[in-house]
Amino acid sequence: MPSLKAIKNRISSVKSTQQITRAMKMVAASKLRRAQDRLLQMRPYALKLNKILNNVTASLSEDNVSEYAKEHEPNNLLIVVFSSDRGLCGAFNSNIFRFTKQLIAKEYDFYERNERLEIMTVGTRSHDHFRKRGYQVIGDFAHLFSDPSFEHVREAAEFIMKRYRRGEFSKVILVYNEFKNVATQVAVVEPFLPIKNVQEEESQEKAIDYIYEPSEEYIVDELIPQSLKVQFYRAYLESAASEQGARMTAMDQATENAGELLKQLRLTFNRTRQAAITKELLEIVAGADALKSQ
Amino acid sequence: MHLTIITPDRQVFDGEVDSATFPGSEGSFQVLNNHAPLVSSLGKGKIEYRGPGGHQSVMVEGGVVEVLKNNITVLAEKIIE
């Protein structure tokens, strides 16, 4: 049995760990609320933008293809992986890495073997992970989480779009954790570029006869990049909210486990102390007996 | 008529106005009650609107405005404070 002092030390160290995990849980909870608010804020904007875009494209002639809808020649693939900047968030990062690896093995094996696969990382965790494993990692957007405003995040989207326009990629996909609820995150794949033609799905709806200023083509050229940036931003926010959710559950678990451990340690501590007292009493009684019999 | 100004980050304005002036990419224009349906892109400039709360304005950079059945929605790309 360990000494009383050793158990005492153990108890105080577990206690301070528990304090840290509890604090981290609280911080994650408040950050999660803010991230969720942002998601809610962005939704009406995205909805309206898509509605206008559909309306405009419905009345546009078919051969007018945006430069983001064109299929490019060289078959390069870009995968954008959203992870977190920091650890201690449960299986959040390892899930997305495993998911990405499976995705590459299953569907994009061809690109990998021909070195036509590039990875853009969001968050230092995925940056380190893929760099270490010898993937071609482009773009330095490891610290995108320092400022979660649209203003800041759109730079990353613009970077991809610029390189797509130059014809460096023929396809761009996003891989991120979608926020279902606090305890559940689902890894999802989303095609980013080239954009799909929305014309067919929406043509049943009656298009409103708008006046377009300065022209329909101009509006489409303005709106498509904007809606791409919003799509990227949504993926970013989903991932950020998922991260905080995952951290919150992980830290909640850790706090609970620490509590469990403390209970056990206190029991051992009391047992050891009682054993010491009993032993001492026995010695005294035995000593008195020995004196009496003399 | 109802005016809503939103950015991806937040809602900037939501309320009733009598008139609104927008910095269209080809020059500024004003929208009054019962305007025909309109979609216009915006350049950099001031959105000015007059409502019960008096005269107000915000600086925007880029975006698009939709006017439909006395509902004006501004999707601003960026608000300059």
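**Figure 1. Packing of helices α5 and α7 in chain A of the predicted model.** Helix α5 of chain A spans residues 150-165, and helix α7 of chain A spans residues 216-293. The two pack at an angle of about 115°. Their axes lie 9 Å apart. The crossing of α5(A) past α7(A) is right-handed. From α5(A), the contact uses F150(A), V153(A), R154(A), A156(A), A157(A) and M161(A). From α7(A), it uses P225(A), L228(A), K229(A), F232(A), Y233(A) and Y236(A). By class, this contact between α5(A) and α7(A) has 10 nonpolar and 2 charged residues, with no polar ones.

**Figure 2. The open sheet of chain A.** Five strands make up this sheet, in the order β3-β2-β1-β4-β5. Their pairing is mixed. Strands β3 (136-141) and β5 (184-193) of chain A form the edges, each pairing on one side only. On average, neighbouring strands are turned by 25° against each other, direction ignored.

**Figure 3. Pairing of strands β1 and β4 in chain A.** Strand β1 of chain A covers residues 77-82, and strand β4 of chain A covers residues 171-181. The two run parallel and are joined by 5 bridges. L77(A) stands opposite K171(A) of β4(A).

**Figure 4. Helices α2 and α7 of chain A on the sheet.** Helix α2 of chain A (residues 92-107) packs on the sheet. This helix touches β1, β2 (117-122), β4 and β5 of chain A. The direction of α2 makes about 140° with that of β4(A). Helix α7(A) packs on the sheet too, touching β1, β2, β4 and β5 of chain A. For α7(A), the direction makes about 40° with that of β4(A).

**Figure 5. Contact between chains B and A.** On the chain B side, 21 residues are in contact with 25 residues of chain A. Strands β5 (38-51), β6 (54-68) and β7 (71-76) of chain B each supply at least two residues of the side that touches chain A. Strand β5(B) gives the most to this side, with 4 residues. By class, the side of chain B that touches chain A has 9 nonpolar, 6 polar and 6 charged residues.

Figure 6. E213(A) stands opposite S40(B), a residue in β5(B).

Methods. Residues numbered from 1 in each chain as written. Chains lettered and ligands numbered in written order. Predicted model: local features only at pLDDT ≥ 70, side-chain atom pairs only at ≥ 80, totals over all residues. Axes fitted to C-alpha atoms, helices over the stretch in contact; angles between N-to-C directions. Left-handed = near helix turned anticlockwise from the far one by under 90°. Contact = placed C-beta atoms within 7 Å. Nonpolar A, V, L, I, M, F, W, Y, C, P; charged D, E, K, R; others polar. Pairing = 2+ DSSP bridges.
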